[in-house]
Amino acid sequence: MPSLEELAYVIDKIGRICKKNSELKIMTPCDILFAFALVSFLPNLKVLSVRCTELSKPALVILLEGLKKLKVLNISHCRITEYLPPPAPMKILTELDEFILEKASRLDKFLTCMSDSCIMCQRTRNDEGFMTWYKYADLWKLDEVKSFAI
């Protein structure tokens, strides 16, 4: 599901129409309101992927606590943010704390990557959580040429 306006409305409709939906991949930033919409309207999710986007730490906690049937969560290459009280600036996490890891320990799979050396993590940070895939089309073509030539 790519970035859309009125995300809670869309999630509500998906929940009403697709009652047996158990897997979802989103490609849009996930904030508290969006996390609440997922928990409220898609409570039966077993697999959720929010990779390569911005994910607020409070939203991650809501997902981990609220989606009781969740078995697999993929937050690889996410730009995980935490808002601190003013005047502190927004903080971008470089690793997950024990609180999050404890919440995720009930899952069968918790996929993460927050490496400074990972090209996808770098791209997500550079794009500020709004992956602009079109920027990288030429790079993919170049990679294909290199791998073909080898």
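**Figure 1. Burial and overall layout of the protein chain.** Of the 150 residues in the protein chain, 42% count as buried; buried means under 20% relative accessible area, exposed means over 50%, and partly exposed lies in between (1.4 Å probe, protein chains only). The model is predicted, so local features need pLDDT of at least 70 and side-chain atom pairs count only at pLDDT 80 or more, while totals for chains, interfaces and linings use all residues. Residues are numbered from 1 along each chain as its sequence is written, and side-chain values use heavy atoms, with hydrogens and water left out. The chain has 6 helices and 7 strands. Helices (H or I, at least four residues) and strands (E, at least two) are DSSP runs, numbered from the N terminus. From that end, the order of elements is α-β-α-β-β-α-β-β-β-α-β-α-α.

Figure 2. Side chains of opposite charge can pair when their charged atoms come close. A salt bridge is a side-chain nitrogen of Lys or Arg within 4 Å of a carboxyl oxygen of Asp or Glu, and the whole structure holds 6 of them. In one of them, Glu54 pairs with Arg79, with 2.5 Å between the closest N and O atoms. Glu54 is in strand β3 and Arg79 in strand β5 (residues 79-82), so this pair links parts of the chain 25 residues apart. Glu54 is buried at 14% relative accessible area, and Arg79 is buried at 8%. Glu82 forms a salt bridge with Lys57, the closest N and O atoms being 3.7 Å apart. Because Glu82 lies in strand β5 and Lys57 in helix α3 (residues 57-66), this pair ties together parts 25 residues apart in sequence. Lys57 is buried, with a relative accessible area of 13%.

Figure 3. Lys103 pairs with Glu65, and their closest N and O atoms are 2.6 Å apart. Lys103 is partly exposed at 25% relative accessibility, as is Glu65 at 35%. Elsewhere, salt bridges that share partners join Lys57, Glu82 and Asp97 into one network.

Figure 4. The structure holds 0 disulfides, a disulfide being a pair of cysteine sulfur atoms within 2.5 Å. For Cys118, the nearest cysteine sulfur is that of Cys113, 3.8 Å away. Cys118 counts as buried at 15% relative accessibility. Cys121 is buried, with a relative accessible area of 2%.

Figure 5. Ser56, in strand β3 (residues 54-56), is buried at 7% relative accessible area. Ser56 and Thr81 are 25 residues apart in sequence and 4.6 Å apart in space, C-alpha to C-alpha. Glu23, in strand β1 (residues 23-25), is exposed at 52%.
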